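Let's take a friendly walk through this model. Have the sequence and the 3D view open side by side as you read.

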Amino acid sequence: MAALVRFCNRALQQNAVCRQILPLSATHWYSNEAGSMAHTLNVKQRIENTRQKALLGGGQRRIEAQHKKGKLTARERLNVLLDEGSFVEYDMFLEHDCADFGMEKEKYPGDSVVTGRGRINGRTVFIFSQDFTVFGGSLSGAHAKKVCKIMDQAILVGAPVIGLNDSGGARIQEGVESLAGYADIFQRNVMASGVVPQISLIMGPCAGGAVYSPALTDFTFMVKNTSYLFITGPDVVKSVTNEDVTQEELGGAKTHTTTSGVAHKAFEDDIDALLQLRDFFNFLPLSNEDASPVRRCDDPWDREVPGLDTVVPLETTAAYDIKDVVLGIVDNNEFFEIMPDYARNIVVGFARMDGRTVGVVGNQPKVAAGCLDINSSVKGARFVRFCDAFNIPIITFVDVPGFLPGTSQEYGGIIRHGAKLLYAFAEATVPKITVITRKAYGGAYDVMSSKHLRGDVNYAWPTAEVAVMGAKGAVSIIFRGSSNQGEQEAEYVEKFANPFPAAVRGFVDDIIEPRTTRMRINQDLVMLACKKQSNPWKKHANIPL
Amino acid sequence: MADEAVCIGKAPTSESYLRMDRILQAVKDTGAQAVHPGYGFLSENTTFAAKLKEMGVEFIGPNSESIQAMGDKIESKRIAKKAAVNMIPGYDGVVEDMDHCVKLAKEIGYPVMIKASAGGGGKGMRVAYDEEEARTAFRLCTEEAKSSFGDDRMLIEKFVDNPRHIEVQVLCDRHGNALWLNERECSIQRRNQKVIEEAPSVYLDPGLRKEMGDQAVALAKAVGYDSAGTVEFLVDGKKNFYFLEMNTRLQVEHPITECITGIDIVHQMLRVAKGHTLLHHQSDIPVDGWSFECRVYAEDPFKNFGMPSIGRLSKYIEPAHIPNVRCDSGIQEGSEISIYYDAMICKLVSYGPDRESARETMITALDSYVIKGVTHNIPMLRDIMTEPRFVKGDITTNYLPEVFPDGFKGKQMSEVEMEQLVALACAIHETEQQNSTDFLNQNRLPVVKDAKSQWKMNVEVAGNATYPAMVVKDNNVFEVRVGENTYTVAGDLAFTSPLLDLVVNGQRRLLQFVEKGFGNYYKLRLFGTVFSLRVMDDFAAQLQQFMPEKKEVDLSTVILAPMPGMLKTVVVSVGDQVAEGQEVCVLEAMKMQNSLVAAKVSKVKKVNFKAGDTVNEGDAIVEFE
């Protein structure tokens, strides 16, 4: 009883605040003790009611509508993504403060986003999940404030941020307040970039200025058929350029994962996306202060991979799948590929080596002979920079015939874009291990994490050929006009189509049996875990954008 | 693999294994004294044998005369008849006309088989059960034969209904000695190709065995045979046996005969070729134990009991470590199964003192056989091994279509078997989950591990149902409650090998971890068949109801390549109107030509490949509007 009285006293002291909140009909109660008790119980009830209301978002009817579209609600998504019972919510009571267009009458506790922190496989993550059932998930000042709060804290403690996007766009009723909110988020996206991993999962519409937040994050994933990303929707497109285009064609998952390269991967549905995101998250360190995570691993570190001895075909022009090489080498054949359907002539993704997360980059001889072009250079560069920013060692498999020639590439700026990949590899200070499986021709040889770009360990398989170009082209220049090309080609092949020219110069450290590649890389990674390398002080570097 | 290898050309057989000149050159270069021609290619080629003779090199096989005599259908029958071998009743000449055909059919007794003299591959061949059918069959066969072979001569013989295919191994030397090494039962066939063989046959008693053996030897002697060979018989439901043909080479399935007789047939062939006499007498030849051979093919048993498949063997572990198991193969991890050769991966042979133990050993061997990278027929082989009719030995050449009238659909699991699979999946998933939080270096922000020892899970079996399960872990033993039953899963769940040797409720279960997909997807192989599973907690499983159904590709608007191969012809072009069932293209794969037809009346929207192109399984060749 005494405790209760004390509590009531404190409530009395705060009555100035209470007066503002409590409905008028309750004001005459707290003049005596019994009234004060009733008030406390009333507040408790209100808290409970508000919580219940917040949990329902925009209400049962809108939840059903969301389900009908094949989508989960903001809270359901959080619960699928996070470890059971780990979610800690922030700002459940925060409401928008717009008083125009009758908005003051329509308020939802927590407004149109659920924010907080939780754990994925035991590790902390900060998260926001936009609630489409409240004002279509539109971004109000309050919404932005909530998002900014968890982002600030994520940077403070060094833990990743995951955004689950499902929003119709700006809260138009709030006008510039909403735009300010976007900008506040953008600024934090940029500040967090390279400090903590940021992941966006687009699970509904994301249009207009809103698209730039996912674009600033490290990874943008989409859900097939239910998510869209575009600057302007089909209606505006029609009125401006008179193009007829559907939402799906303009900004669906397929468009962004195959054509534009805006998104990094697409998933079948909400549950598939969230469960896969759990697996993906496990590859990432929590921040740039953490080492690449090492998980327990049953796959023997020194496992021989006999299949690799024959993976490169006998005919030097025949294609093979570089993913056979990757899958053979990495732990348990598990490879999380990033952008599997875009610029497929380069393969990038995460895997583990003896439990440790590594980034894998490989030319793909199966697609466009594995050449480097604009899209593959940009895809590779962004991935390499992510790995470097977050201490993830990079393993590069090289089978590259060179940069793709042609007007479309030159006009498109292959020089500028190709330079990005070169830049990214050159600037990276994480452990860099390179395996030349077959061709390493021309400038592309230099680019692909060569010894000259501070590669820590560079290997060649017996099938490696490091040269300025292929035999035919080389002979036509060296022996211009000669009638004896066949013989000279043979001479060139004899001289250059093998790993010796690079090995005798120390540009590759060893010529290894393919079957031993896993063992060799694992040994090197253990040694390189202690690697310390830094670039000269600078405000920031100037990558050719 | 070989001690010494010589490259004889490119992958297509016409540029290598069928190039006599190259092989002869290799013989010369290596100084070989003899050539064993193996099973296919030049093994029954008399020109090749003659050329070797010219070079003074021994051809390890029978003399050319017997190859020739037995290679000719009519000639071989004539010799067999003379040697008093049981023949399929029939007419010894060409059928004159329709009335003659009916008259002959009456004499022989229905059912009869009417077939073109020049026939082959099932063309111009029909079975008639009465007079009316005989007339129709004669007319159709004549027409077909005329258009297909330009030769409408017809033969007629008794049709042996539901026969068994039983063959007798013979072994002869150049000194007039001939032995029969018991029989092999080869009734399990698809498209006239053998899939599973066993020796001996459950159907033969010692008397019948001797009778068939003696006839086989009589034939061999009649033709002057002087190597290892096989006399094939059809055996009907009344244990009548009829001569079919003689194979004048070593048979693929010879290991099972070696197992039960203890005789190394290839060794004997080498000795005979050198001119030695046989070391054995007929009375020395035992039937000692039982042996099975499964032909492990790179093919998809779910399509027409086996459509060829290609790929690289990304993981390959033969079960040769199991006692009483023999693996005859010519490949290893990393090998390519290509479109150029027969799709056989391995001859998997098991042996035991009796049929039951040999069968058990085969089951363990099939369950332990790890093949990744190509589709293979182990699911079907494994399923046949436990199928009641097979277990009893009640088999005929119609076994597959009779037992699987709608085609092979994978192992049909009983409820208890399904629950065991679910229990195994739960144990694997939970182990995976625990590994996922087992970080060795994440110590700045602490990792909070799942403190529970009891989990609710839901296992979705693709094409089946979702099974709720309660999982309890106690001392590395999982106790999983599925439905009414509780299963304990014990054993080493470390993923060091794709093969997990586990114990479920005291029973050994060889489980293969085929693949783990991101998002809790698993592919597990149990009882030979691969099952796709997804494990979810209760919460996610309940929400699954809101997820949209996955849209299947409308197969009537597109022609997908059913298997990898080369397009022989594409007979439509963009804008063409096609009728339902109209041939759109012909795909050639390995030994087969497949006609791909339009599923409905439509117009061609897109043709993605042209004749001569190589296509992969699942490629859209033609798209319709």
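Which residue just after helix 3 of chain A takes a positive phi? That residue is A:Gly57, with a phi of about 55 degrees. Before going further, please keep in mind that this is a predicted model. The mean pLDDT of chain A is 91, with 94% of its residues at 70 or more. Residues 1-27 of chain A, however, have a pLDDT below 50, and this stretch makes 20 contacts in the model beyond near neighbours in sequence.

**Helix 3**

Helix 3 of chain A runs over residues 33-55. Its 23 residues should span 33 Å at 1.5 Å a residue, and because its end C-alpha atoms are 33 Å apart, the two values agree. Among its buried residues are A:Gly35, A:Ser36, A:His39, A:Thr40 and A:Ala54.

**The annotated domain**

The unreviewed UniProt entry carries the annotation "domain: CoA carboxyltransferase N-terminal" for residues 40-296 of chain A. Here are the values computed over that range:

| Feature of residues 40-296, chain A | Value |
|---|---|
| Helix | 40% |
| Strand | 17% |
| Distance between end C-alpha atoms | 52 Å |

**A look at A:Gln198**

A:Gln198 lies in strand 5 of chain A, residues 198-202. Is A:Gln198 buried or exposed? A:Gln198 has a relative accessible area of 1%, so it counts as buried, the cut-off being under 20%. The side chain of A:Gln198 reaches the backbone oxygen of A:Asn189 at 2.8 Å. Leaving aside neighbours within four places in sequence, the residues in contact with A:Gln198 include A:Met151, A:Val161, A:Leu216 and A:Phe219.

Note on methods
Residues are numbered from 1 along each chain as its sequence is written. Chains are lettered from A and ligands numbered from 1 in the order in which they are written. This is a predicted model: local features need pLDDT of at least 70, side-chain atom pairs count only at pLDDT 80 or more; totals for chains, interfaces and linings use all residues. Side-chain values use heavy atoms; hydrogens and water are left out. Helices (H or I, at least four residues) and strands (E, at least two) are DSSP runs, numbered from the N terminus. The expected span of a helix is 1.5 Å times one less than its number of residues. Buried means under 20% relative accessible area, exposed over 50%, partly exposed in between (1.4 Å probe, protein chains only). UniProt positions are given in the numbering used here, feature names are shortened, and annotations may be inferred rather than shown by experiment. A polar contact is a pair of N or O atoms within 3.5 Å; within protein, one must be able to donate a hydrogen and the other to accept it, and residues adjacent in sequence count only if both atoms are side-chain atoms. Contact means heavy atoms within 4.5 Å. pLDDT is the predictor's confidence in each residue, from 0 to 100.
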